[in-house]
Structure formats: structure tokens, C-alpha cells
Amino acid sequence: MLLWGTFMLATQALAQQISVSGKVTSSDDLMPIPGVSVKIKGSSTVVQTNTNGIYSIKATSSDVLVFSYIGMVAQEIVVGSNSNLNVVLKPTANNLNEVVVTALGVKQQKRALGYATQEIKAADIANTNQSNVINALKGKASGVQITSAGGAAGSGSRIQIRGINSLNPSANNQPLFVVDGIPISNNTDQLNDNFQNTNRAADINPDDIETMTILKGPAASVLYGLRAANGAVIITTKSGKGGKPAFSFKSSYSFDDVATKPAIQTAYGNGNNGAYVPTVNTWGPKIEGIPTYNPYDLFFKTGHQAQNSFTFSGGNESATYFTSIANSTQDGVVPNSDYGKTSIKLAGTLKASDKLKFEGSANYINSGGKNPRTGVSSGTIYYLMRSTNTVDPRDYLNPDGSEKTYNASIQNPFYFTENAYLRDNVNRLIGNLGVEYKATDWLTFNYKAGLDHYTDFRQVYNEVGLLISPLGSMTEQRISYNEINSNFFARASKQFGDKWNVNFLVGHSFTHINGTNLSLNGTQAVVPNVESINNYNVYNPTTFPTKKNIIGVFGDLTVSYDNTVFMNVTGRNDWSSTLPPKNRSFFYPSTSLSYVFTETLGLKDNPIFNYGKLRASYAEVGKDADPYQIGEYYSTLQAFSGVSGVRRDIKVGSESLRPERTKGLEFGGEFHFLKNRITLDANYAILNSIDQIVPVPISYASGFDIFVTNAGKIRNNSLEFLLTANVINTPEFKWDINANWSQTKGRVLSMPPGVSEIQFNPETPWVKQIIKTGGRPGDWYGWPYLRVSDPSSPYNGQLILDANGYPSTTQQLSDNFLVGNAYPDWVGGIGSTLNYKGFTFSFLFSFKKGGDVFDIPKTQRYTTGIGAETQMRNEMVIFKGVKNTGTAANPVYVPNDKAALIDQSFYNNSFAYRLSTENNGFQDASWVRLQNVSLAYELPKKWLNKTFIKSASLSVTGNNLWLSTPFNGFDPEASAYGAGSNSVGYVGTGIPSTRSVYVGVNVNF
Amino acid sequence: MMVVVAASFGACKKALDINDDPSRLTPDQANLSGLLGATIQFTATSFFNVGQYGNSYPQYLAGFNSYEANIDSYNPYGFDNIWESAYRDAMPNLKDMIDRAEKLGAPQYSGIGKVLFALTLMQSTDIWGDLPYSQAFKGPTVPSPTYDAQQDIYNTSLKALLDGAIADLAKPVPATASLKVGTSDLIFGGTIASWQKVAYGARARYYLHLSKKDPANLAKAISDVSSAIDDQKGAVDLQLKYSQERPSPWYTNLGQPAITAKQGRPSYFLVNLMNGTGYFSGVIDPRLPKLFDNAGAATYIGRPVGALSTDPGAILANSDVTEKTFYGARTSPVPILTYAEMQFIKAEALIATDKAGAYTAYINGIKGNMLKLGVSDADIATYTTNAVVTKNGNITITDIMLQKYIALFLQMETWTDMRRYQYDASIYPGLKQPNKNLLGNVYVQRAKYPDNEPGRNPNVPKIPNQAQKIWLFN
């Protein structure tokens, strides 16, 4: 199955042998195909085409030449009298012999895989114009959830495959990113909740990517070891091809804006209780004859992204090269925000001999920008949400340059944005070098080492006089990250008889990660308006170094029969430095089976149902801890009057920490109908995460805050479908439809002993996510309004109003009630591509059903009286519901007839500490959105005949153009706690998500 | 290939033994002197934290801006910040220091540790009632300690800590330098005699708290006061003085000029006691300009508690805690136990039996507080001879408790006093419930348990609301 062509010398010289040579090209683009195997049927003589697609072989006139290449339909041609045989290979009709890149960069036939994978092609990524590759996957990949941290310039995105499998609120639940066989960092070095820091995979230039394969379960990723326990995203970058040098140039320019904004009321102006006062509130008198302002409309502007990339590639028989230079700049939708990225990449291969091959690449990236501070209880969006409607927010400066405000407890959003921000600047080098030695026709050795090194220099500045920093403050932070990976493996591949094929792989890997994080915080500025860390009176330096090593050995055996049944067994042992010596070695196995039953049934050429495959797998992955988690430490405190103190750290780790385990069982199938015109892939996976390493929050009265130990079990059940249909396929007109649907249900099966619940982000006091046994990750708890809960009562489900006629909540202070779940019931996407002559039109809708989110700033719009919901005021209302005329123990309900006044006080009280979720911004965030729509026009070849241009296209693309949701607020997709956090469902505090329209041009020459 | 593998295994152990954090200290590297410096800061922070919002309960401060009619209106409040600084920071490190000191033979360290522990625990139980203690601070082997009844905390635990502190501090000072208390004693710089006075003072406070349970404790309190903090100018007061670099938390919280939206303002009740309109009728208290800043207005007016800004009187308030005031200044102290309190304990304990003795202590307490605040001798003399204040020697418990109320401004000990007397209108004349009272029409009796705790500890007692009394006041 692993098609490794071999060079063999002709063993017998026959009299009639002639030399046959020719060129093999692809029917797709008429480009030469290097590496095509040309075999004399029935003999062991095989040659390969060179980088220009040229082959030469000695054969007799009666020989049959078999031309085969992965992903192409093999052709058999009788030599006859031809000494020159040019062959055009056609791609296999539809994915029948599709090849995917799996672990360690190994290409495998998709039919052989016993687990679910999904491949995203370069064109699908380029189509979206997304500068962050993760965003390009939105709505496309089944079982994959992408959450962007919002519309800030360079904002990070989070990717999660099949639900969270950790009880740890800060655990990394994201898949491992692997570029050309070597893992790279996708860390989001989250500064704090005030910024939407970039995830590091965003550094990758999307135009360098050839394919992205998502390995969804643990079986898929066992060969990368513990770091791939959450799946893996395998990126293969473009490489040079033999022949003439090829150039390509791509450029796009965008218009970004904030389309979805909460509604405001403009009936009442600034003031309190109906009277004008220059307060933070908009509870003032009826607006008559004075202008009103919508702060949200006035604050956001049109942002722009300009992306340019240039590639240059080529090569000859023994060497290929690929270079790219890309630059993107972004001007954000809020003032004072920008982001930029420059990537330079060089990659090459060198064939030193028939047996020895080298490859290497180096990618330098500089990225970073500037973004204003946001947050839960202060920040740009917080202040914007509180702005009133009768004051022009654009008029915010006094003649002396100081801030003009109408009330001391609020800050003007423009002024704040210009005076509280983060700058960051990342310099990164990703490189690798590999060598492959083909010892015999069945045995290959491969070694590859890679480096990922970046530094991130950050400055957080808060001007003197801001509410958050009356005396001014600044932090300078220097992060450095170093990852070195070394992978060695030997692979044997041998055919036994006609039908049996055995592949065996053993390997060794070493991973070294070390990081430093040095930060200097200065407070109490000497002089205002000086953005220098030298300008402060009091300093507090901190450093957080990390270091870890992982050593692994692994083996992988695949046996296949007749290209029909494939069985695979793997095993890996890891040694991690982060676990106690007695527990740091751990072994984990996997096995999978794939059966193409249509082969057995002889349905291969059946016009209705021509391909059916069933697959099953079981896999385990172990996972280590973060560095320095074990035992007790003490830290020194900042000096106080010349005396520094020492304290015991509030986090303690178990001395007998064990590796955690993820066990996955997966069943699936792939079915092709109508000669591959329709394909369906279905998958069901059960993932159990046990013995998790959890920072268990323990009572402060234990003397600690956090105990790091093995505890708890989560099970995730995932169901995924992928459907593609090739509705029309003529040379003139093509129409494809693809759809995906997935559902993941998590369940907490057990909790750490002595711990009844773990709260996610409890600093948001109104509603909380709590994990407890029997619950689901993402469960929301809060205080709903009291309702009749007595199925026998005619009033069942109705509100219980209090003596004053208002809705009421429970009085038990420590109670919490389950009120919803942050994870969607299901998500899906439907896309379509139409080709007509040179035009390509494509669109993609994404769907999310369910998923309750907590809109944090809604409380600001409510209590300050700016939100459209508060326009209904100064009225007596009889709430629909019942009142209790009996006792608390023996209630007697009668319909409510007590009128209650709806006024400022009502809206304020409804938001008093931890009251009902109905009012606190807790909403269903189901949506349908037009994720992507694109129209491209490929210039006719005849126009370009006389020019040096080979092909050229123009495109217009829209991302996130249309959104339909019951949610009132900004686009509910943007997560409040950034790409690095597991807390989903908190929204509304960051720079909101944008819609974008791009115009682009793409030229190849 | 074998060579590569063998070499890897050879380097294996070395490559894997790298899991010690170079940026932190091991338990062996931590020492007594470092722990003392830290625990003194944590204790002072706890005594600020308890009052930061808690000061609404004894009605020292009325909520303002985003805090208006909030905690001062009895919106459920769990004192989460003192739960953190006391239970997570101060007490575990104090216990660590006491354990190490007892093992190493450094009785002064353990004595100081016990007195700070006792004061912090007493403050905590006065807020919450039942609390973890006997099963607490045992590390992850007891992740969810049970709650001891407040009765047991008072009768057994606090008693043992305070008696132990007095005994330890009386022991001979060891010869070894590392066992002697030195410069990391941020309060007294290693003067053990001062700590002894503090220890007696802490026990006097303790006996006073229990005096309703058993009047015999009054005599014990009087006896302890005689060995307690005795410097009228406050030189032996237990308080942490903050610095330019590390400003007082009250400065950061209320005092600094950059704070334009203060969360609290001095209350109507408090200011009236001092501006001549309240109980001390017609007497202008010379401490007014020391404690409050009215931006040069002719009079000082406080803010009603639990009031919306639209409520009558709210807009008239003109007094604030600013950097120009004693507690709002950058380098001001956070007091924990003072000379004035000692004298008022004595006065209260004697009032029923020895009116003259009580009167002397009463006047001493007033003078002590005025000296501490920097009131001039002439002003002190005028005030302490005004018949409205002196009642010609014929003072009542009302005078004592109201003067103590003024002297202990911003200290939550006052809330314990007020609850000992159950907000009695004859002791605190003029005191009113918050304008907006979310508990209905009763005064607040306790804290809610902190939000942080129920999810982590199933043993948290369930209390219906903050109107339920704790054992000490039953």
C-alpha cells in the first residue's frame, strides 16, 4: 500500500530489448508528473519518471508497461514498436485511491485508514482569504469547533476536536499542529482576559499550505505521542516541482466592519429616574429636540486587510526549491488597532543519490500589532456598552488634550482605546532538516529534526489618569519559546505473494521544550504620556521559566490483504520529564481495522453503489503534566519597606502523579454511490478521558488553593457525517455540494474525591459554568426566576410573583440551578461550488443549534438603561404568572393581579447580585451564518497566450456576511476569554467579530 | 540505528531529571524570617480586606457610585477578599511558621505567629461564625475541612492560641541568630516586649467578646489590659505602616486623588457623631479634619447608608476619605489593635462596677485616639473637658461605645461591638437601618459564606440569609 517505487536493473538482457522513453503528464493541468512508477507487467523491472516527468526503460515489444501513480488511474500500454510513449494519467474518478498525509508525514491511502480523518485542500483555504489558517476551517471540518476570540486585529482562534476531554479549566484541549512532519507551537500566550492574543498557528502563511489533514481521534495521532491526545492538524506545505520555474502572486484587500450590534433605545436620554443628571445612566427624560447618538455605530470603523504573497518554485531531476514571501497588514475595526505579518520561507529537496535524499525548510515570521484593552469590568467595549445616547462620543477631548467626560465613573471609549493598549512583536523561526535513506527496495530509514523558536516582546500600557490606572502602569514582557523535535524511524514494506502486504515501522522521538517568560511591571508613572518602562516609581519583576523533555519509542504494523482488508497495530512508550520518576514511563497501544467490503462483494463497477468501507479502531493516548507541578514550592514576595517575605505557594502537586489516559473507540464507514458522484462518510466515536491531571480547586481552609492530582473521568460521544455530491460534471459546467454535520455530547462520569464541583471562570458572578458528576462540560448554573413546578397544577411552569408583583428568585444563598449548556447540540455546514467556464462561485453556510452563551455586557446595557430592552419603562405591568396566597410550605397559587412598576429601579434590581439568568444576558446563541461566499473568474488562456502569464484569476470573497440568530448583542461567536481558554460561552467583552469583503487577484507565471 | 537508540537511553535519565523549578524556593530554602515578613503583610491585608466593603455594616461608609445601595443595602456579601487573604494566605503561612518555629526552637516566632493567627481567626469567626480550624491547613490530605462550631473556636482554639502566644513570647530568646526575630518583623523590628503587650491586648479583646456569655470574662479582660498596649501615642499599636512604594490599601482604594468614583463615603451616622448634630450635641470633634476631607466646606455632612443618589440627603454629603486624611494617605497604617481600643475595653468592662475607673479609661481612650491622629494638645484638652463628652464623669455605656465607634474608624471590630449590643438604639442612638434594606427590616448579623467555598467544600453550613445570628451573639 505504501507505494515506494524502486530502481531495479534489468536482470536479463534480451535480444529484442529496445529503449522506450517518454513523458508522463497529468490530464488535469498537463503538467509533468515526477515519480510515476513505470513497470513491466509480470516482471520486477520498475523505473520512475524524473522531475520533468520523463522516464526511460528497456523493454521488448511484447511487454506491457504499467504506469501507476498514487491518486491516478493506472494505465497499461503495450510497447509494440514505439520507442517514444507519452502517457497522460487521469486522476482517479473520485477519491477511490485518495491519499492522505498522516502521522510523521507518511502518505497513506485513505482506504487503509481505520479511523476518521478529513482533508482540506489549499484551494479551500485560499478561498476564504483568512490570514489565520484556523479560521479557514470554519464550517468545513466535521467534529471540529473553531471559536475566534473576536474581531480584534490579529485576534486568536481556538480549535477543538470533538469536545473537551479535560476537567482542567486551563488545560490545552486543542490538537497538536504538525508542519511537514514536525510539531510546531500553537500556543496562545494569553496575557490575561483583557486581550485577544494571537494563537501561534496564525503565523503560518496560508499560501504555503498544500493540504491540511485533521486527524480526529487518538488512533490517528498515536504516533505523535502524548501531545496529540486531542487530535492533530497535519499541515503539508507546498514544494517545488521539476521543470520550469513557476511564479505565483496573490493579492487581496478587504473591507471589514462590525455588522451585528446590540440595539439601543433612543426615547430617553442621559439621567436618572426621568431627570437629567450627567450620570453614567440613560434613565433621563424623554428625548425631545436634541440629537441622539448610537455609540456603537459611531465607534466602529471600517477595517482593512491587505495581503500579498509571492511564491517562486522549481527544480530539476536532483533538486527542487520553493520560496515564498508573504505580507499582510490589518487595520482594525476599532481605533488604534493594527496587526501585521511577514513570512519568508525557503524549502528544498536534494537527491544525492538514488538512495539518499535530503530535504529542509526554514520559515521566518515576524508578526504582531497593537490592540486596545478590553475586559469584563473595564475596557473599550465595557465603556462603550455604558455610553449614553445624548452625548456625542466623538467629542471626547478638551482643548488641553485631557479627556472630556460627562461622568467620572465612565471613560470615553475613544479616549480609553487610545490610552490603554497592548503592543506585541513576534519573531519566529521554524526550520527542519530531514534525510531519507533507502537501504533496499523494502527498507527505508528516515530522520528529521525541527526547530520552532519564537520570541514575543509585549508592552502593555495604561496611561496615567485612567480609571483602571489612576497613577499609570506599564508591563514589559519578554516571552521566548524553543521547541526541538527529533524523529527517527525505519520503515519496512513488503509484499508477500499477490495479496498480502506488510508494513512495519519503528521509531524514536525526542522533544525538548523550553520557555522563558520574563515580565517587568511598573506602576506609578513619574511623568504622564511617556511610554517607557523606565518611567515608573515601583517595579515588580517576575519570571516563569519552563522546561520539559519527552522521549518516545514507537512501532506501527499494518497488514493488508488484497487491498481490501487493512489491519493496524501500534504501540508507543513515552518518558516525560514532568512526571515523578516512578511514573514517567508509560505505554499506550492502538489497533484499527478497515474493510472495503465492496471489493469482496464485487461491486467495484456497480453503477449505484461502487465503494463501501467499514472501519473500527481502539486507541489509547497517555498525557503528561505541565512542568514543575509536583510537590510544594515557596515564592518570594515583592519587597516591603526593604523586607522581602517568603510564602508557600497556593498550588501543590501530588508526588505520585500518573500520566492521564484518553481511550477512544471509533466506528465509521465511507460509502460512494453513483460512480463516486455521491460520497458519504459517517463516524461515531466514544472518547473516555480518565485519570486526568487536574488542578483541583480545594478549600482554602486546606492551606492551598489548587491540588494537582489524577482525578475525574469525562466521556465524549461524537457523531459525524460528511456528504459530498457531484451534481453536474460536464467540461463546461460543474456543480458540487458538500455538507457536514456533527454532534458531541460530553458527560462527567466522576469527579476528584472530596470535590463536588469545579467552576469555570467563577469571577463572573452572575451565572457560572460548573462541572459536576453526571453533568456535562459547559453546564450553566444560575438563579432562574421561581416558577411553579407541579405538573398537577394548572399553573405549572408559570412565574411566581412576589408580594409586590415582581418575579422572584430562590432565597437559598448557596443554591445554584442548572439553566443551560454552553456547547451546541449540533453544528453543521453546507457548501456548494459551481464552475461555469472561467467562473467559480462558491458559498458555505454554517449552522449551530443550541449553545447558551452569557453575554457579559448585557448587564451594562440593562442597568444603565441604554439597551433597547429598557425602552419599556415607567409603566405599571401585571406580570403573567401566579401569586402565592397560601404558605411557603403549602402554597396556594392564584393568578397574579398585582401591578408592578417597571422603572430604573426594576432594571437595576433585576441585575442585582446573581439574580435570574433570564435577565443576566444568558441567551440561546443558535445561528445560521453565511460563513463564506466567493466568486472567482479565471481569465481565458487565449487572452494570456502571448504573455508570460500562465494563468490569472480575479475574485471577490465575503466572510461572515450574513448572520441569523435569536441572540441580541454582538456576534455571539467571539469568546470573551481568548483563544487559550477552555471557557466557552462567555461572550461580548472583546472586540466583536466582523464581516469582511475581499477583492483579490491571483497570477501564475 | 542501535547506536542512536543506545545513546538516547544513556542520556535518558539526565534529560528527564529536569523538573525542578529554578525560579522558586524549595521548602528547605524557605525560612522563618521570610515567613514572618510575609505573614505580617498578609495579616494586615486581611484586616484591610475585611473592612474594604465590610465597613458598610458598622455604617462607617455608605456605598457610592457603583456601590450605592449595594453592600450597604445588605446585598448578599461573602467577604471573599478576606476569605482569600486570611484563609489562603495568612493562616496557612502562619501555621507553617509556628510549626517550623516549634520544631527549630524559636519561641518568639511561634509566639508572634500565634497572636497574629488568633487575631485573624477571631476576626474571621466574628464575620462567619462556624469555620474550619481543627481539620484545616492539613494540605491536600484534607481538601475539604469540616467546620468547627464557633463555640469551639472561641472556647478552645482561640484560647489555646492566645495562651500559647503569651507563654511562647515569655520564653528565653535563643542564641542562634536565625532563630531570633529581627528586621523582617515589619511592625516592631524584633522588640519582643511590644509583641507581649499585643498578645495581652488580643486576649483582652477575646475576653470582651465572651463577656455576654460569661460576665466573669470582664475581669479577665481588665487584667489583660493592664499588661497590654500602653503607649498613648500609639508606638506599641499593632499596625502595619505602608510606604511610598507600597501605599496603604485605603489610599489605593479610597484615598488617591485619581479615584474620581469612590466606592464609599463616610456615613451620615458617623459624621453626625462628630459634627455636633448627633449624640455629642453641639460638640465639633477636632478629629473631623483628620479623618475626612470636605474640600473646605463649612460643615461636614455624611451620606445616608443604603441610599440611591436620588434619595433625600444623599446629594448633600460632602465628606470623603482622601489622601489628605489620616487613613487615606499614602503612608498611613492599617491598624489591627490599638491603645485606644484597650482603654475602651477597660472602660466597658468597668462601667458597671467602677464608674471612676471606667471614666479614666474612657478619657484615655479618646486622648489616645486623638494623639494618634495628630490632634493638637489644646484641641484635645478642649474636647476632653467638654461636659457633653465628659458628662461630668457620669458617663454611660452609650458614651463609651460611641467614642469607641469613632476611635475605631474603619476597623471591623466595631461591627462585633454593635452586634454584641444588637444595634441597641440606646447604645447607638440615631443609628438607622439602610434606606434600602434587602433583608427587610432587620440589621445584618453575619456574612454569607464566600462564593469561593461551596463548590470546593461540601461541609459549608447552609444559612438561609444574613439576618441569622451567629453563636457569639445568641
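In this predicted model, Val115(B) touches Ala165(B), Trp195(B), Val198(B), Ala199(B) and Ala202(B), when residues up to four places away in sequence are not counted. Val115(B) belongs to the largest nonpolar core, which has 148 residues. Together with Ala118(B) and Ala199(B), Val115(B) touches the most other members of that core. Another core, of 44 residues, lies apart from it and includes Ile125(A), Ile159(A), Ala202(A) and Ile204(A).

The contact between the chains draws 73 residues from chain B and 68 residues from chain A. On the side of chain B that touches chain A, the helices α1 (2-16), α2 (32-54) and α3 (80-104) each supply at least two residues. The largest share of this side, seven residues, comes from α3(B). The table gives the make-up of the side of chain B that touches chain A.

| Kind of residue, chain B side | Number |
|---|---|
| Nonpolar | 34 residues |
| Polar | 26 residues |

Gly374(B) counts as exposed because it has 11 C-beta neighbours inside 10 Å, and a residue with 12 or fewer is classed as exposed. The C-alpha atom of Gly374(B) is separated by 9.8 Å from that of Pro286(B), although the two residues are 88 residues apart along the chain.

Technical notes
Residues numbered from 1 in each chain as written. Chains lettered and ligands numbered in written order. Predicted model: local features only at pLDDT ≥ 70, side-chain atom pairs only at ≥ 80, totals over all residues. Core = buried A, V, L, I, M, F, W, Y, C linked by C-beta atoms within 7 Å. Buried ≥ 20, exposed ≤ 12 C-beta atoms within 10 Å, placed from the backbone. Contact = placed C-beta atoms within 7 Å. Helix = DSSP H or I, 4+ residues; strand = E, 2+ residues; numbered from the N terminus. Nonpolar A, V, L, I, M, F, W, Y, C, P; charged D, E, K, R; others polar.
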